[in-house]
Amino acid sequence: MTRHLATLLAVLLAAAPAAAAEGAGLLWPTVNFLILFTVLFVLVRKPAVQFFTDRREDIRKQLEEAAALKKEAEERHAQWQRKLTELDQELASIRTTAEERVETERQHLLADAKAAAERIRKDAATAVDQELRRARGSLRQEASELAVQLASGMLRENVTGEDRDRLVDEFITRIERAPEASS
């Protein structure tokens, strides 16, 4: 800094005779300006250099932080992309499992429905058979009752008093012989 100051004083001293010849109109404002510039240079130089050094360091730190944040964001993005891929695979797996369960359940329901239909058919066949037996029994009973009525009607019409007497005699004879045959 003293070297710069010495150079500045040398320039001023060299320019002083020329300025004196022209008149002293510009010399003192120039000297005042140079003194002001020198004082400002000496006083402001260190803080200005420190300011720009600090500013450069802050910018470097911000760039490093931004790079770190960018890297972290890229890692998160890659992680979410993997999760999305895994989610798609998991959804496909869930769909496949659900479809398999639906198919299995459908097969069970069809088997149950077939078994129920078969039971209903058997129950209906059993019920039909029972109704047929009842109807046959009823028909036999009615037929026998009708046969008895017909036979009794025919006997009333065709059996005479002599036939009745003969039948009674035969009945008594059989009864009398029955105890003899069992002894």
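How many residues apart are Arg 106 and Glu 103, and in which helix do they both lie? They lie 3 residues apart in helix H2, about one turn of the helix.

Some ground rules, please. This is a predicted model, where local features need pLDDT of at least 70 and side-chain atom pairs count only at pLDDT 80 or more, while totals for chains, interfaces and linings use all residues. Residues are numbered from 1 along each chain as its sequence is written, and side-chain values use heavy atoms, with hydrogens and water left out.

Let me start with the confidence, pLDDT, which is the predictor's own score for each residue, from 0 to 100. The chain has a mean pLDDT of 84, and 84% of its residues reach 70 or more. Where pLDDT is low, the predicted coordinates should not be read in detail.

Now the layout. The chain has 3 helices and 0 strands, and from the N terminus the elements run α-α-α. For the assignment, helices (H or I, at least four residues) and strands (E, at least two) are DSSP runs, numbered from the N terminus.

How much of the chain is buried? Buried residues make up 4% of the 183 in the chain. Here buried means under 20% relative accessible area, exposed means over 50%, and partly exposed is in between, with a 1.4 Å probe and protein chains only. The chain exposes about 16400 Å², and carbon and sulfur atoms supply 62% of that. Those areas come from the Shrake-Rupley method with a 1.4 Å probe, and for residues only the protein chains shown count as cover.

On to the rings. A pair of aromatic rings is described by the distance of the centres and the angle of the planes. The rule takes rings of Phe, Tyr and Trp (its six-membered ring) with centres within 6.5 Å; planes under 30 degrees apart count as stacked, over 60 as edge-to-face, and the rest as tilted. That gives 3 aromatic pairs. In one of them, Phe 33 and Phe 37, the centres are 6.3 Å apart and the planes are at 20°, so this pair is stacked. Both residues lie in helix H2, residues 27–158, and are 4 residues apart, about one turn of the helix. Phe 33 is exposed, at 52% relative accessible area, while Phe 37 counts as partly exposed, at 49%.

Phe 37 also pairs with Phe 41, again stacked, at 6.4 Å centre to centre and 20° between the planes. These two are likewise in helix H2, 4 residues apart, about one turn of the helix. Phe 41 is partly exposed, with a relative accessible area of 34%. Ring pairs therefore link Phe 33, Phe 37 and Phe 41 into a cluster.

Is Thr 38 buried or exposed? Thr 38 is buried, at 15% relative accessible area. Its side chain reaches the backbone oxygen of Leu 34 at 2.7 Å.

One more ring to look at: the charged end of Lys 83 sits over the ring of Trp 80, 4.8 Å from its centre. The test for that is NZ of Lys or CZ of Arg within 6 Å of the ring centre and within 35 degrees of the ring normal.

Finally, salt bridges, defined by a side-chain nitrogen of Lys or Arg within 4 Å of a carboxyl oxygen of Asp or Glu. How many does a search of the whole structure find? The search finds 7 salt bridges. Arg 60 and Glu 64 meet in one, at 2.4 Å from N to O, and they lie 4 residues apart in helix H2. Arg 60 is partly exposed at 36%, as is Glu 64 at 45%. Arg 76 and Glu 72 form another, at 2.8 Å, and they too are in helix H2, 4 residues apart.

That brings us back to the opening pair. Arg 106 forms a salt bridge with Glu 103, with the closest N and O atoms 3.1 Å apart. Arg 106 is partly exposed at 40%, and Glu 103 is partly exposed at 36%. Elsewhere, salt bridges that share partners join Glu 57, Arg 60 and Glu 64 into one network.

Note on methods: Polar contact = N/O pair within 3.5 Å; in protein donor to acceptor, adjacent residues only side chain to side chain.
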